[in-house]
Amino acid sequence: MKFGVVVFPGSNCDYDTLHTVRDVFEQDAEFLWHKDHDLRGADCIILPGGFSYGDYLRSGAIASFSPLMQEVREFALSGGLVLGICNGFQVLLELGLLPGAMLRNTNLKFLCQHVHLRVENAQTPFTRAGKEGQVLRIPIAHFDGNYFTDDAGQLEIERNRQTVLRYCDAQGRLSEESNVNGSRDHIAGLINTQGNVMGMMPHPERASESLLGSEDGRVIFRSIIEHIKETG
Amino acid sequence: MKIRVLISFKDSVLDPQGQTVKNALHTLGYDYIRDVRQGKVFELEMDGISGEQLEQVIPEIADKVLANPIIEKFDWQIIE
């Protein structure tokens with residue numbers, strides 16, 4: 001199987017992500033330049049973290065107008081797997097492939113730290129190697145990660161079980177302090193209703209080798225690989 | 001022609017930056033300030049467009065690009 005990692009001007013987790021899928025998981029992977037019009041046969045597209053276009057206008061906004069994003073949109077709408085990590089999540093929101101928007105963290109601080117995440121739905125292509133209720137320890141690094149949706153949007157999300165990961169404490173409890181950026185309903189990871197597009201603020205590529213302090217992020221990549229192997 | 005587009009958070013969206021500015025103003029003694037909302041301003045210079053087209057194009061640009069309609073609203077005026 002093959003991963004495509006999209007590179008925007010200002011992406012800074014593109015190499016980490018490529019390294020993880022290629023060297024840690026030994027899968028085919030290549031960079032896809034945002035100005036191209038070709039997904040090069042990738043089975044899964046990853047929009048990596050960073051500060052695409054310097055976060056000008058709004059985080060992820062300008063990247064969502066990139067030429068390649070039209071292909072990514074069509075790929076997603078036809079059922080292709082798309083994972084947005086951090087800035088990639090923000091791009092997916094701006095593209096309208098996921099509902100809601102990101103606001104500045106409520107404490108107005110750039111947060112760069114390990115957080116705990118509770119797996120809320122382990123029946124997605126991105127979490128199937130995990131267990132529901134499992135607590136993952138994965139780092140975050142963002143300024144705009146305070147997930148927002150209105151009441152009607154929140155109801156939709158709950159009804160469709162779209163919340164995949166929630167900020168929690170080490171025991172998996174949803175304490176107020178554990179919701180570090182103030183996200184609505186502790187949302188850290190969200191999937192679309194079709195179940196093929198996921199966005200998450202934490203960085204699984206920074207938590208896939210023991211050298212980096214945690215291997216909990218492997219669940220995400222393992223899930224994708226399992227899913228594609230099974231569904232072809 | 002110059003158009004000014006004003007983007008601000010919807011009333012239902014908490015604006016922590018505005019809150020922080022308000023707190024700073026209170027610290028300086030401006031107690032009569034009840035609320036502060038922070039926003040963005042865009043000035044668009046335009047040529048060859050009629051007033052009628054403007055009515056259609058500006059909201060379109062604002063919704064598609066300048067604002068995120070999920071969290072923001074906009075207002076606009078002709079300034080030159």
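This is a predicted model: local features need pLDDT of at least 70, side-chain atom pairs count only at pLDDT 80 or more; totals for chains, interfaces and linings use all residues.
Residues are numbered from 1 along each chain as its sequence is written, and chains are lettered from A, with ligands numbered from 1, in the order in which they are written. Local features need pLDDT of at least 70 and side-chain atom pairs pLDDT 80 or more, while totals for chains, interfaces and linings use all residues; side-chain values use heavy atoms, with hydrogens and water left out.

**View 1. The interface of chain B and chain A.** Chain B gives 17 residues to the contact and chain A gives 13 residues, where contact means heavy atoms within 4.5 Å. About 1,200 Å² is buried between the two chains, and carbon and sulfur atoms give 70% of this area. Buried area is the accessible area (1.4 Å probe) that two parts lose on being put together, summed over both.

View 2. Arg58(A) and Glu72(B) form a salt bridge through their side chains, at 3.9 Å from N to O. On the side of chain B that touches chain A, helix H1 (16–27), strand E2 (39–45) and helix H2 (51–66) each supply at least two residues. Helices (H or I, at least four residues) and strands (E, at least two) are DSSP runs, numbered from the N terminus.

**View 3. The sheet of chain B.** In chain B, 3 strands form an open antiparallel sheet in the order E2-E1-E3. E2 and E3 of chain B are the edge strands, each pairing on one side only. Two strands pair if DSSP finds at least two bridges between them. E1(B), residues 2–9, pairs with E2(B) over 7 bridges, and Ser8(B) has Gly39(B) as its bridge partner. E1(B) also pairs with E3(B), residues 72–78, over 7 bridges; here Ile7(B) stands opposite Phe74(B).

**View 4. The sheet of chain A.** In chain A, 9 strands form an open sheet with mixed pairing, in the order E2-E1-E3-E4-E11-E10-E9-E6-E7. E2(A), residues 28–33, and E7(A), residues 135–142, stand at the edges with a single partner strand each, so one side of each is left without a neighbour in the sheet. E6(A), residues 111–119, and E9(A), residues 163–168, pair in the antiparallel sense over 4 bridges. Arg118(A) stands opposite Arg166(A) in E9(A).

Technical notes
A salt bridge is a side-chain nitrogen of Lys or Arg within 4 Å of a carboxyl oxygen of Asp or Glu.
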